[in-house]
Amino acid sequence: MAHRDWTQIDYEHFGGVSEEYCKHACLSDCFCSVVMYNNEECWKKRLPLTNGRNDPSISGRTMIKVRIANSSSISGCSDSKKGQHIILSALLGSSIFLDLLLLLVAFFFFYHFNRMKPEKVQPHRVISTMNLQNFTYNELEKITRGFKEELGNGAFRTVYKGVLASENNTFVAVKKLDNAASEGEREFKAEVTAISQTNHKNLVRLLGFCDEGRHCLLVFEYKNNGSLANFLFGKSRPNWHDRMQIVIGTARGLFYLHEECTNQIIHCDIKPQNILLDDSFTARISDFGLARILKADQTRTTTAIRGTKGYVAPEWLKNMPITVKVDVYSFRILLLELICCRKNFEPNVENENEMILADWAYECYKAETLHLLVENDEEALRDMNRLKKYVMITIWCIQEDPLLRTTMKKVTQMLEGVVEVSIPLDPSKSICST
C-alpha cells in the first residue's frame, strides 16, 4: 500500500511519546500545521507541505491542524484559551484520501490568496478605446497635493488645481465627480463621450481620466484666466474688445458642436461659469457633464430638464423635444451679459425694470435707448453700431418657437459680418410650435 510523507519540513522530533502527546504538542505550537505519529515517535511539520512522496515503508497516522470557523486564536499563539481545533486524521496507507486532502488545501490557499488581491476595476467601455492617459487615484491625489487647491464646484463635482511633473510641470484641472450619486457617474460618462468626439480651439481639451471603482475623475488642461464668470463679474470691467472676441469664440465653439462634429452635440449648460479663458482670453467651452449626443439620424431628443435657471430655453419647461436650439437660447443670455458686463438677474438694481437683463435689453431696443445698457462703458459707447447689431442677434436667439430661433451657424456669420442682421421678430408674438 502506498503511503505519503513530506520531507525536509520536519522542525521538531519527539521519541517515546504517546499519540495524544503528539497531538497536543502540535495544538500548542502555532508554527505546527501537521504531525506524523508512528511507533511512539512524533514529527512536527510546518507549511508549506512540499516535497511530498509516496513511501510504502511508512505506516502510522498523520494529523492536520485546522481552525474551526469563528474560533479564537490557536492556543500557544495568544493569551486566549478559547481556541478550538479539530484534528483530521488519516491513515498513511490511504493515499487517495491524502491526494484529495492536498488538493483541498491547495484550493483553500489559492482562494484565500485571490480574495486578498485588490479587485481589478474594469473601466467604462466608453473610454476603453480613447487615446487618453489613465491615471490612478493615488497619482491624482499626489498631483493635486491631496486635492488642496479648489478651483470651483457644482452639484456633483469639485475641480482642483494640479501639476504634472512628468510634463514639464504643466498645470491641470482635475474634476472629481461624486460617484456615490448616480448623477456623478452619468456626468462622467456623458462628459468623456462628448468631449472625446471633439477637436476645436474653442473647446477645452481632456487629457486623461481615473476610473477606479468609486473614484471617477477627469483631467483637463488648465486655463490661467479661469472662468468667464470670474472675468466678467469681477471688480473691474474687462475691455470691450476682449469681450467681443469671447463672444465670437464661444459662438464658433457651439457652431462646431452643432454642425461640424460627427454627431450633433447639445451642450445643455451654456453659461459664463462653463466658459474658460486661456492666456490670450480665447474662449474655451467646458463642462460637458449634461451634454446630449444625437445619433446620425436624429435632430431632436427627449430628456428631463437640465441646465441652469435663467439660461434654459422655454421648451424645457413645456416638455417639448429638445434640439440644438436650446444652446442658442442660452447663448443669447451669455451674449447680453458680455455686452452689459452684468448678470442676467440683478435683484439690487434701483430700477426694477432693469432687474432681468433680457427683458430690459429688449425694451431698450424697442425704445432705441440701447446706450443705457452700456452707459458707463466708453469703449462700447463708441461702437454703437456693433452694439445694436449684437442686441438684434440676441432677439433672434430668444424666439420662443425653436423653428423661428436662428442657428449657431447663422449667429456666427452675423457676428463676423458675413451675413447681415435682419430686423428681428417680436418674441412675444411668436407661437411655440409642437
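Strand S3 spans residues 34-38, and five of its five residues are buried, so the strand is largely enclosed by the rest of the structure. In a regular strand, side chains alternate between the two faces of the sheet. Both faces of S3 are covered: Val34, Met36 and Asn38 are buried on one side, while Val35 and Tyr37 are buried on the other. S3 also has two strand partners to look at in turn. With strand S6, residues 61-67, S3 runs antiparallel and is joined by four bridges. With strand S4, residues 41-45, the arrangement is again antiparallel, and five bridges join the two strands. Here valine 35 has lysine 44 of S4 as its bridge partner. S3 and S4 form a hairpin with two residues between them, and asparagine 39 in that turn has a positive phi of about 55°.

Turning to the helices, H9 covers residues 357-367, and its buried residues are Leu357, Ala358, Trp360, Ala361, Tyr362, Cys364 and Tyr365. An α-helix has 3.6 residues a turn, so residues three or four places apart point the same way. Just after H9 comes glutamate 368, which takes a positive phi of about 60°.

Another helix pair is formed by H6, residues 240-260, and H12, whose axes come within 8 Å and cross at roughly 150°. An angle over 145 degrees counts as roughly antiparallel, and H6 and H12 are therefore roughly antiparallel to each other. Their crossing is left-handed. On the H6 side, the contact is made by Val247, Ile248, Ala251, Arg252, Leu254, Phe255, His258 and Glu259; H12 contributes Met408, Lys409, Thr412, Leu415 and Glu416.

How far can the details be followed? The mean pLDDT of the chain is 81, and 75% of its residues reach 70 or more. Among the elements of the chain, helix H12 (residues 408-416) has the highest mean pLDDT, 97, whereas strand S7 (residues 85-91) has the lowest, 44. Over residues 72-76 the pLDDT stays under 50, and the model has 16 contacts for them beyond four places in sequence. Residues 116-126 also have pLDDT below 50, with 11 contacts in the model beyond near neighbours in sequence. Where pLDDT is low, the predicted coordinates should not be read in detail.

How values were computed:
Residues are numbered from 1 along each chain as its sequence is written. This is a predicted model: local features need pLDDT of at least 70, side-chain atom pairs count only at pLDDT 80 or more; totals for chains, interfaces and linings use all residues. Side-chain values use heavy atoms; hydrogens and water are left out. Buried means under 20% relative accessible area, exposed over 50%, partly exposed in between (1.4 Å probe, protein chains only). Two strands pair if DSSP finds at least two bridges between them. pLDDT is the predictor's confidence in each residue, from 0 to 100. Contact means heavy atoms within 4.5 Å. Axes are lines fitted to C-alpha atoms, for helices over the stretch in contact, and angles run from 0 to 180 degrees between N-to-C directions. Angles under 35 degrees count as roughly parallel, over 145 as roughly antiparallel, 65 to 115 as roughly perpendicular and the rest as oblique. A crossing is left-handed if the near helix is turned anticlockwise from the far one by less than a right angle, and right-handed if clockwise.
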